[in-house]
Amino acid sequence: MPLTNAPVLPPELVGLIVENLSGSRTLRICALISRTWAVPCQRALFHDLHLYQYLQVVRLPAHLIRYPHLQRFIQHVSVRHTPSNIATRDRVPIAGPRHTYLSGLAALFPLISRITSLVVFFDRSRPWDTHDQQFVEAFGTFLRQSESLRVLAIHGLLGEPDFHQMFSFLDGTQVRRLSLHTEFQPAPGRVDFLDPTLSIARLPAVEFLRIDSDDTG
């Protein structure tokens, strides 16, 4: 039987309790207690998203469309496009149109317009011109139109064309801290597009710019 006379904790106390919970499973269970618990638990669950798996990315857009209030909770996002993401789509059956990791990201970007930081790991074996065009256009539109994004880190840029395209996406951006990582080694005497002192002049809003060799996996 329902506990009609059960004490109700004030939202402030519930918020403090949720802040000290750990583990997504615990948060999901607590979100079912009542509406008072649902919002702070959902905020904690969606505040930081690490989207490294294929199923996460292709299913999340539909979930955020069905429950649009969750979009405002997302603040920090990290995505990783790797050969394993590409291979997974052939092993996992998904109802409806056939999706890829990148097409899933393309559908996701319009739904995370409120985020403040984004970290992207690109497949190092593929230059920009081989990426899904829908994704490239969606990513560029997101970077140009985002008014809340302040921290951006991109790993896996392969060469000068990648850098030029990235800077074109960032024209007029509100990003304050920008990190670009590459394994590309320019020819002697051809390093101007990697020179932070020259690049930052194109991005007046940027307060910190780092361009270096990428040593992360």
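The structure is a predicted model, in which local features need pLDDT of at least 70 and side-chain atom pairs count only at pLDDT 80 or more, while totals for chains, interfaces and linings use all residues. Residues are numbered from 1 along each chain as its sequence is written, and side-chain values use heavy atoms, with hydrogens and water left out.

Helices (H or I, at least four residues) and strands (E, at least two) are DSSP runs, numbered from the N terminus. Buried here means under 20% relative accessible area, exposed means over 50%, and partly exposed lies in between (1.4 Å probe, protein chains only). The buried residues of helix 6 are Tyr101, Leu102, Ser103, Gly104, Leu105, Ala106 and Leu108. Leu105 is 26 residues from Val79 in sequence, and the two are 8.6 Å apart in space, C-alpha to C-alpha. Val79 belongs to strand 2 (residues 76-80) and counts as buried, at 2% relative accessibility.

Helix 6 packs with helix 7 (residues 133-145) at an angle of about 30°, the axes being 8 Å apart. This makes helix 6 roughly parallel to helix 7. Axes are lines fitted to C-alpha atoms, for helices over the stretch in contact, and angles run from 0 to 180 degrees between N-to-C directions. Angles under 35 degrees count as roughly parallel, over 145 as roughly antiparallel, 65 to 115 as roughly perpendicular and the rest as oblique. The crossing of the two helices is left-handed, a term used if the near helix is turned anticlockwise from the far one by less than a right angle (right-handed if clockwise).

Gln145 lies in helix 7 and counts as exposed, at 59% relative accessibility. A distance of 9.5 Å separates the C-alpha atoms of Gln145 and Leu170, which are 25 residues apart along the chain. Ser113 is placed in the loop between helix 6 and strand 3 (117-121) and is partly exposed, at 37% relative accessibility. Ser113 and Glu147 are 34 residues apart in sequence, with 7.8 Å between their C-alpha atoms.

Side chains of opposite charge can pair when their charged atoms come close. A search of the whole structure finds 1 salt bridge, defined as a side-chain nitrogen of Lys or Arg within 4 Å of a carboxyl oxygen of Asp or Glu. Glu207 forms a salt bridge with Arg176, and their closest N and O atoms are 3.9 Å apart. The pair links distant parts of the chain, 31 residues apart: Glu207 is in the loop between helix 9 (196-199) and strand 6 (208-213), and Arg176 is in the loop between helix 8 (160-169) and strand 5 (177-182). Glu207 is exposed, with a relative accessible area of 65%, whereas Arg176 counts as partly exposed at 25%.

Leu9, Leu13, Leu16 and Ile17 make a nonpolar surface patch of about 300 Å². Patches are made of residues with over 30% relative accessible area and no salt bridge; like charges are joined within 9 Å, and nonpolar side chains (Val, Leu, Ile, Met, Phe, Trp, Tyr) within 5 Å. Accessible areas come from the Shrake-Rupley method with a 1.4 Å probe, and for residues only the protein chains shown count as cover. Leu9 lies in the segment before helix 1 (11-19) and is partly exposed, with a relative accessible area of 34%.

Ile29 is found in helix 2 (residues 24-30) and is partly exposed, at 46% relative accessibility. The C-alpha atoms of Ile29 and Cys41 are separated by 9.0 Å, the two residues being 12 apart along the chain.
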